[in-house]
Structures are given as C-alpha cells and as structure tokens.
Amino acid sequence: MPSELQLIINILINFITAFLIVRFIYYNQKQSKKYILTFLSLNSTLFLIFNFLGNIELSFGVGFGLFAIFSVLRFRTDTIPSREMSYLFVLLALPMVNYALLDSGQYAALVISYIFVFALLLILERGWGFKYHESKTVLYEKIELIKPQNRDLLIRDLQDRTGLSITDVEVNKINFLQDTAELKISYEGSNGDSLGSDDD
C-alpha cells in the first residue's frame, strides 16, 4: 500500500476514534460544545506531528512536551474543569497509542486499547458502580423550617422544590432582617444534574 494512502487511513482511524469519544461519550453527558474544537484539533494535530517526525521516541517526547505546556498554561484565559482536563489527557494520549500501534501493525492491540478506553469512559461517565454525592448552596426563605425540630419538613420541601434526592442540609448563614437562610444541601448527584454543583 502506498505510504500516502496508509497515512490517510491512519489519520482517519485516529480522527474517527477521537470523534466517537467526544461525540458519543463526552458530549452526550452535558451537551456542551465549549471544548470540542480543542479536543479534536489537538488530537489530530498531535497525530500529524508524530507521523511527520517519524521517530517514535522523538515523537513521544514532543507529545508529552506539548501536553506539559498546555497543562501549565491551562489555556490561561479559561481554567479547564477536571472533567475536561481528563478528556484532554485521553485525547492527547490517543494519538501516541495510535501512532505506535499502527506504525508497528499491531491492530489487535489497537482494538483492545480502543475497547478498554471506551469502556472505561462509559463506566465512569454513567457512574456505574458509584454513588455520587454533590453539594449546592441555596438561598431559602422559609426560615421557620430551619429549626432542628423541622428538619424532616425542611428536607421534604427542598426535595419537592429542587427535584433532588437530598441527604443532608447545613445552615451556613441566617439573615433575620430578610427572613432568609443560606443552606448547603448535599444530594445524590448525577452527571446530568441541571442545577450544577459547588464541587468540581
């Protein structure tokens, strides 16, 4: 097979793999387009760098060097959340794996690697086998319910109003002038929680 055709096939394999991860695992959870350009462009560019450098050790050194630079900069204008940083690391490591295994013709190992990465991301994103507890600070106006004897009523009211499975409530501040209280609610979280949380 001509080297140019092999390069095109390898580029497509790498891009399709990255696209499947971004579109069907990352995007499906929060449907945010904010980092899609970053993920796919860095993944594809890094794979091209590996191919054009030609030397595996040199290519890997450059790849890890680029990742270190991106990690230090943190894109300076916008701090990347830990979830997106994890995806960025996966999508920067993917071209290294693709280049090494495609270059040596280890297609079975490549398929096994893909299956492992896809399964790992799916399991972690869906929370299979894990129970997540998240927290959120809310401003609450029914100040009579913050009394200890009304705790069950308070939790029930918060659950009805937020739709969350609340496990604990803490009173952070009380404003008697405005009859409001700042509450920290802990609840069983899900990756699709539309309210967001205070925890990263």
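**Notebook: salt bridges, a surface patch and confidence**

I began with R83, which counts as buried at 17% relative accessibility, because the cut-off for buried is under 20%. I note here that the model is a predicted one, and I keep that in mind for each entry below.

**Entry on R83 and its partner.** I looked up which side chain R83 meets, and found that R83 and E125 form a salt bridge, with 2.8 Å from N to O. R83 lies in helix 4 and E125 in helix 5 (residues 107-126), so this pair ties together parts of the chain that are 42 residues apart in sequence. E125 is also buried, with a relative accessible area of 7%. I reminded myself that side chains of opposite charge can pair when their charged atoms come close.

**Entry on helix 4.** Just after helix 4, I found G105 with a positive phi of about 70°.

**Entry on the other salt bridges.** How many salt bridges does the count come to? I found six. One of them joins R151 and D168, at 2.6 Å from N to O, and this pair links helix 6 with strand 2 (residues 166-175), 17 residues apart. R151 is partly exposed at 34%, and D168 is partly exposed as well, at 25%. Salt bridges that share partners join E141, K142, D157 and R161 into one network. Within it, the closest N and O atoms of R161 and E141 are 2.9 Å apart, with R161 in helix 6 and E141 in the loop between strand 1 (132-140) and helix 6.

**Entry on the surface.** I then turned to a nonpolar patch on the surface, whose members are L5, I8, I9, L12, F15, I16, F19, L20 and F24, with about 760 Å² of accessible area together. I picked out I9, which is found in helix 1 (residues 3-30) and is partly exposed, with a relative accessible area of 30%.

**Entry on confidence.** Where is confidence lowest, and where is it highest? I found the lowest in helix 3 (residues 56-73), at a mean of 63, and the highest in helix 6 (residues 151-162), at 94. The protein averages a pLDDT of 84, and 80% of the residues score at least 70. Over residues 192-196 the pLDDT stays under 50, and there the model has nine contacts beyond four places in sequence.

Key
Residues are numbered from 1 along each chain as its sequence is written. Side-chain values use heavy atoms; hydrogens and water are left out. Patches are made of residues with over 30% relative accessible area and no salt bridge: like charges are joined within 9 Å, nonpolar side chains (Val, Leu, Ile, Met, Phe, Trp, Tyr) within 5 Å. Accessible areas come from the Shrake-Rupley method with a 1.4 Å probe; for residues, only the protein chains shown count as cover. A salt bridge is a side-chain nitrogen of Lys or Arg within 4 Å of a carboxyl oxygen of Asp or Glu. Helices (H or I, at least four residues) and strands (E, at least two) are DSSP runs, numbered from the N terminus. Buried means under 20% relative accessible area, exposed over 50%, partly exposed in between (1.4 Å probe, protein chains only). pLDDT is the predictor's confidence in each residue, from 0 to 100. Contact means heavy atoms within 4.5 Å.
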